[in-house]
Amino acid sequence: MPLSRSLSMSSLSGLPLWEDEGLPVEDLLLFEVAWEVTNKVGGIYTVIQTKAKITVDEWGDNYFMVGPYYEHNFKTQVEGCDPPNPAIKKAMDCLTNNGCQVHFGRWLIEGSPYVVLFDIGAAAWNLDRWKGELWDTCGISLPFHDREANDSLIFGSMCLDVRWFVELWQAGAGLVLCRSRKLPLATIFTTHATLLGRYLCAGNVDFYNNLDKFNIDKEAGERQIYHRYCLERAAVHCSHVFTTVSQITAVEADHMLHRKPDMVTPNGLNVKKFSAMHEFQNLHSINKAKIQEFVRGHFYGHLDFNLEKTLFFFIAGRYEFTNKGADIFLESLSRLNYLLRVHKNDVTVVVFFIMPAKTNNFNVESLKGQAVRKQLWDTAHQVKEKFGKRLYEALLKGEIPDMNTILDRDDVTIMKRAIYATQRHGLPPVTTHNMLDDGSDPILSNVRRIGLFNCRTDRVKVVFHPEFLSSTSPLLPMDYEEFVRGCHLGVFPSYYEPWGYTPGECTVMGIPSVTTNLSGFGCFMEEHVTDPAAYGIYIVDRRFRSADESCNQLTQFMFGFCQQSRRQRIIQRNRTERLSDLLDWRYLGRYVCLSGLPGLLHQSGVTIGISLQTDGFRYPRPSSVPPSPSASLHSTPHHSDEEDEEPYDEEEEAERDRQNIKAPFSLETVPSGKKKLPG
């Protein structure tokens with residue numbers, strides 16, 4: 001299928017130059033090689049899944065994803081078909097004839113991209129030969145006991161005949177072998193995190209302040225990942241174009257892998273706008289009611305706080321206690337609890353930890369709470385039916401019923417029994433499941449340390465849900481998107497977060513969030529939004545402040561959020577949702593589409609060059625209602641939300657923000673005969 005563009009490109013140094021002046025773009029094929037194609041392991045799955053549509057729109061049938069074959073994933077996610085390209089079919093037949101198994105089809109996601117999936121197990125008999133070739137080529141030896149590294153070598157060796165766009169080290173072996181064979185391919189390597197960086201941060205190392213002090217080889221060797229590190233570094237240096245997803249990861253890669261990325265390609269999402277401007281606000285209200293129902297059951301017998309003045313905070317993601325910032329989040333919650341009690345604030349905060357851990361089932365007390373709530377609901381409806389019928393009959397007779405007699409003794413007895421059933425002798429549980437390692441679990445250990453046991457006097461309540469959410473759960477029957485929409489604030493004070501999809505997902509759903517300047521998302525927002533907090537993006541400084549100072553800053557962010565009126569929170573959600581344009585692949589995808597052009601155009605004989613300028617977006621600070629109550633102190637001690645009458649025009653403010661959107665790059669024509677290097 002011909003491409004809808006006509007830029008003339010050429011190859012990079014080390015690749016043969018085309019004899020003609022222009023490169024036949026229509027004949028180019030783009031292969032994106034990633035371990036998580038149809039195989040959900042982590043965040044990269046979200047990246048490639050959401051990016052597929054815009055890449056298919058750009059490349060059409062010339063775009064293919066390459067990944068490992070897993071039978072269950074193929075049967076449930078892929079529609080098998082024959083390759084439309086004769087060259088692809090020929091390459092697959094060649095592999096099949098040599099004893100390898102290759103599967104082809106369309107991945108059933110938005111954009112329906114073609115996928116080529118290699119059966120690693122069926123080709124394992126070639127492992128020793130490929131290990132020898134890797135050793136002869138670059139002196140990297142893979143130990144027999146590292147199955148993941150061995151699988152990556154098999155996978156990479158089966159992917160040699162492609163134009164590469166590689167994601168992470170698992171696919172790097174094939175890239176190295178391609179360059180060693182001097183195949184006419186242009187390669188792009190994108191790292192979403194460095195392998196050694198993740199290991200170091202997980203070990204509570206002061207990572208970012210010591211980037212230039214680490215003995216890289218020694219650190220990798222001590223963690224028994226030296227061979228993986230060598231494979232990752234070799235792939236980075238063999239690629240023609242090296243990119244990463246954020247500025248903070250670019251700094252890390254420069255020190256860990258000794259190559260500065262050629263370009264930063266931020267991660268995006270598929271943003272779907274509602275036809276009605278405030279539909280996302282309605283969804284927030286609907287899903288908040290579902291969370292309130294859970295809270296009614298979980299805290300039965302201790303429900304002495306007003307649910308209409310209760311805020312729902314949450315943290316979600318992989319259970320990496322320090323990397324994800326759960327450590328300073330818990331400490332900040334303890335300080336927030338103190339502030340709310342000292343100021344006699346009537347706001348209650350219920351905090352959810354959605355992090356998968358080892359459990360054996362739901363705990364009995366959590367299930368009992370939801371059963372008690374349902375029983376109370378059924379009792380109330382039963383009495384209501386009797387009451388309504390008697391009231392209806394009295395009104396038909398033209399009488400005003402006696403409220404003292406309209407309920408008989410049986411009704412009163414039923415209600416008393418229901419009330420007695422809500423009595424509980426212990427505190428509401430902190431965790432919803434039976435933990436296999438309760439005594440040493442990091443979250444539960446810190447909850448015990450700070451003393452947040454869901455007491456009546458606590459203004460901050462904690463609920464640890466150690467499983468991913470599901471709409472079929474008997475406790476909290478909501479999927480993740482519904483849950484996020486129902487919350488008021490997402491808190492993600494990560495220490496190591498190369499990008500950070502969780503605050504991004506909050507943003508596109510119109511939910512304010514807390515992030516840090518050590519996450520790619522936080523750095524991106526600092527760069528493109530003048531006052532992120534005004535738009536509901538609170539950025540904690542974890543790079544240039546001590547842990548205690550970061551804790552205090554996070555506490556103040558959350559305390560200020562608790563002081564906002566309902567109207568201020570609604571306005572802030574409107575602003576947060578408008579930032580979703582920043583994260584739309586329709587804009588950020590252009591970075592990815594152009595990531596290969598700097599190298600492809602270098603040393604070309606064409607008369608058109610490209611100047612890449614990442615002007616991007618720049619949102620100014622809103623000029624209307626302040627995002628926090630500090631700038632609009634109340635003149636009376638008894639203030640109601642309805643008294644907030646500061647001028648605010650949603651349409652005018654939204655139009656002003658839309659005018660600040662710029663294309664993420666610009667193309668400039670370079671005069672004939674003059675070469676202009678990209679960047």
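Rings of Phe, Tyr and Trp (its six-membered ring) pair if their centres lie within 6.5 Å; planes under 30 degrees apart count as stacked, over 60 as edge-to-face and the rest as tilted. One aromatic cluster is formed by Phe-294, Phe-312, Phe-314, Phe-352, Tyr-480, Phe-483 and Phe-492. The model is predicted: local features need pLDDT of at least 70, side-chain atom pairs count only at pLDDT 80 or more, and totals for chains, interfaces and linings use all residues. Residues are numbered from 1 along each chain as its sequence is written, and side-chain values use heavy atoms, with hydrogens and water left out.

The structure holds 27 aromatic pairs. A pair of aromatic rings is described by the distance of the centres and the angle of the planes. For Phe-64 and Phe-104, the ring centres are 6.2 Å apart and the planes stand at 50°, so this pair is tilted. The pair links distant parts of the chain, 40 residues apart. Phe-64 belongs to strand S2 (residues 63-68) and Phe-104 to strand S4 (residues 102-107). Strands (E, at least two residues) and helices (H or I, at least four) are DSSP runs, numbered from the N terminus. Phe-64 and Phe-104 are both buried. Buried means under 20% relative accessible area, exposed over 50%, and partly exposed in between (1.4 Å probe, protein chains only).

The rings of Phe-299 and Phe-305 have centres 5.9 Å apart and planes at 80°, so this pair is edge-to-face. Phe-299 counts as buried at 1% relative accessibility. Phe-305 is buried too, with a relative accessible area of 8%.

Helix H7 spans residues 195-202. Its buried residues are Leu-195, Leu-196, Gly-197, Leu-200 and Cys-201. Their cover includes helix H8 (216-222), helix H9 (226-238) and helix H10 (247-256). Contact here means heavy atoms within 4.5 Å. Asn-204 follows H7 and has a positive phi, near 60°.

Helix H12 (residues 326-342) and helix H15 (residues 442-450) have axes that come within 10 Å and cross at roughly 25°. Axes are lines fitted to C-alpha atoms, for helices over the stretch in contact, and angles run from 0 to 180 degrees between N-to-C directions. H12 and H15 are therefore roughly parallel to each other. Angles under 35 degrees count as roughly parallel, over 145 as roughly antiparallel, 65 to 115 as roughly perpendicular and the rest as oblique. From H12, Leu-330, Glu-331 and Ser-334 meet Ile-443, Asn-446, Val-447, Arg-449 and Ile-450 of H15.
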